[in-house]
Amino acid sequence: MTVEPRKEETVYSDRLKRAAHMLFFKRGKIPGARTWELRTGLGKGFQKTLSDLDDVLKDLDLEVKRVEVQSLGETQASLEGEEDYRYFVRLKGTLTPKEARMSGWRIDNLAAMAACFGLIVSKQGKCERKELEELVAHKAGRWRTLTLVDTFLRTGYLEEDEEGLVKLGWRTRAEVDLQALMMLLAESKPEAEPVGVEEEADQAAI
Amino acid sequence: MKRGSSRTSVKKDLEEIVQTCNSIENRQFSPFLLDVSEALRILRLHAGDLNRLEDHLLDMRAITGIARVVGLQSSQLRFQSTSLFLDPELAKQKLEGLSRQQLAEFFLLSWHPVTELEQLVMPAVKEASEYWKKMLSFFERRGKFDLGQFDSPGTFGLGDLGSSGMMEDQSFTERLQGLWNELKSRAKSGEGVEYWSFVRSQDFRETVSRAQLVSFLVSYGYANMDKNGDRIVLTPNETPVLQTEGSPHSFPIPIPWEKAPA
């Protein structure tokens, strides 16, 4: 008689599940959860729980990312001297162009986004909207540029202050590794625009 | 150099400092454009000539402006010491020189999208519940439009979808390729084809569709468009020729109703 080996079931603690719920499900305008929310929901040792969650998510190519609340443009809600962060769950690796297109972003839009971030970062985080639009229009055309910049503002990748200066938005702080992007831009060598009916027509059809 | 101490000159000097500081704050100039010690020397020089309240206010604005510029200089130095630093002009040049494909690839290599799942919250559930309660029944709403008896369900095939315009018979690429071939065959003698004679079709909808496809042929370098007076001529290229120099131009061509065949 052979004995079938028992399947080992992984048991996750309630705290771990609660942490996953808090970080995955969006409750307000911005996804993720803040330090005080996590402390209320998970207790004092929430950082240990988040570290455990990070370990679990690692296998799925996801990670728990911590971003300073002030850099996201949110108001500080913690006690004086206490650090305030917002925690997100984000992709640990990167997307391929095909995957990015399937998630609804055109290659043109991603290129425009890279150009915007590159210029804003090189100008220490703020840039005039007109200058930004001129740069994007060079690649995407004048009409599409207006829509694109508005889209980036609406989705939280960019923010515009009362003086009309454009800066990086909360989503960029949470999602984009600016250091890597600037490094790639600095090391880049320009190449001619590829000519391909398949790709271009595909772009036009989206 | 000794500066004139008349009130006008004091006001002019202070206003210049305030204006320069404001321009720097608005990112029009580099923060290092302002010589802080020189600006402070000017303020000190005029300190004894400030008699009226508005002069003192202007002096205060100048000092605050200089302080803010010093703050910007400090943050720029801190910024330059990190690897995020790239000279703005150099960055602009690089960005303009890179292809869209390269830029998109760089972005994808540094992009880690955040996961976010929408969920129902109590206020939304309450709102939805109220809406559901207040909503009239389907039959009551339908009754208002006087639509008569229900039709029994029927089938809707791919052919129907195509004829109703909900689905394309051919892919965009195939249609573009087909039109390019047609243009090449009609321009066999080496001369171009008159735009309207090529675009005009049996019905207006088809004319608009062909005009749209022609715009793609021209944008992607499959054909050239030349304007000779009122005449617009299309010349096909054997292989796509993309213009990489200069900025692209838009050339709107209105399609009047009279261009539709009678």
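This note goes through the confidence, the sheets and the helix packing of a predicted model.

1. Basis. In this predicted model, local features need pLDDT of at least 70 and side-chain atom pairs count only at pLDDT 80 or more, while totals for chains, interfaces and linings use all residues. Residues are numbered from 1 along each chain as its sequence is written, chains are lettered from A and ligands numbered from 1 in the order in which they are written, and side-chain values use heavy atoms, with hydrogens and water left out.

2. Confidence. The predictor gives an ipTM of 0.83 and a pTM of 0.56 for the complex. Where pLDDT is low, the predicted coordinates should not be read in detail. For chain B the mean pLDDT is 83, and 90% of its residues reach 70 or more.

3. Sheet of chain A. Chain A has an open sheet of three strands in the order β1-β3-β2, with antiparallel pairing. Helices (H or I, at least four residues) and strands (E, at least two) are DSSP runs, numbered from the N terminus, and two strands pair if DSSP finds at least two bridges between them. At the edges are β1 (33-34) and β2 (62-68) of chain A, each pairing on one side only. Seven bridges join β2(A) to β3 (residues 85-91) of chain A in the antiparallel sense. Within this sheet, Val64(A) stands opposite Val89(A) of β3(A).

4. Helices on the sheet of chain A. Helix α1 (residues 14-24) of chain A lies across β1, β2 and β3 of chain A and runs at about 90° to β3(A). Axes are lines fitted to C-alpha atoms, for helices over the stretch in contact, and angles run from 0 to 180 degrees between N-to-C directions. Helix α3 (residues 46-58) of chain A also packs on the sheet, where it touches β2 and β3 of chain A, and its direction makes about 140° with that of β2(A).

5. α1 against α3 in chain A. The axes of α1(A) and α3(A) are 9 Å apart, and the helices pack at an angle of about 80°. They are therefore roughly perpendicular to each other; angles under 35 degrees count as roughly parallel, over 145 as roughly antiparallel, 65 to 115 as roughly perpendicular and the rest as oblique. Residues of α1(A) in the contact include Leu16(A), Ala19(A) and Leu23(A), and those of α3(A) include Phe46(A), Leu50(A) and Leu53(A). By class, the contact of α1(A) with α3(A) has ten nonpolar, one polar and two charged residues. Ala, Val, Leu, Ile, Met, Phe, Trp, Tyr, Cys and Pro count as nonpolar, Asp, Glu, Lys and Arg as charged, and the others, Gly among them, as polar.

6. α6 against α7 in chain A. Helix α6 (residues 129-140) and helix α7 (residues 142-154) of chain A have axes that come within 8 Å and cross at roughly 125°. α6(A) and α7(A) are therefore oblique to each other. Their contact has seven nonpolar, one polar and five charged residues.

7. Sheet of chain B. Chain B has an open sheet of three strands, ordered β1-β3-β2 and paired antiparallel. β1 (193-194) and β2 (223-228) of chain B are at the edges with a single partner strand each, so one side of each is left without a neighbour in the sheet. β1(B) pairs with β3 (residues 231-236) of chain B over two bridges, and Val193(B) stands opposite Leu234(B). β2(B) and β3(B) pair over six bridges. They form a hairpin with two residues between them, and Gly229(B) in the turn has a positive phi of about 65°.

8. Between the chains. Helix α5 (residues 107-122) of chain A packs with helix α5 (residues 100-109) of chain B at about 75°, the axes being 7 Å apart. α5(A) is therefore roughly perpendicular to α5(B). Among the residues in contact are Leu110(A), Met113(A) and Phe117(A) of α5(A), and Leu103(B), Phe107(B) and Leu108(B) of α5(B). The contact of α5(A) with α5(B) has eleven nonpolar, one polar and two charged residues.

Methods: pLDDT is the predictor's confidence in each residue, from 0 to 100. Contact means heavy atoms within 4.5 Å.
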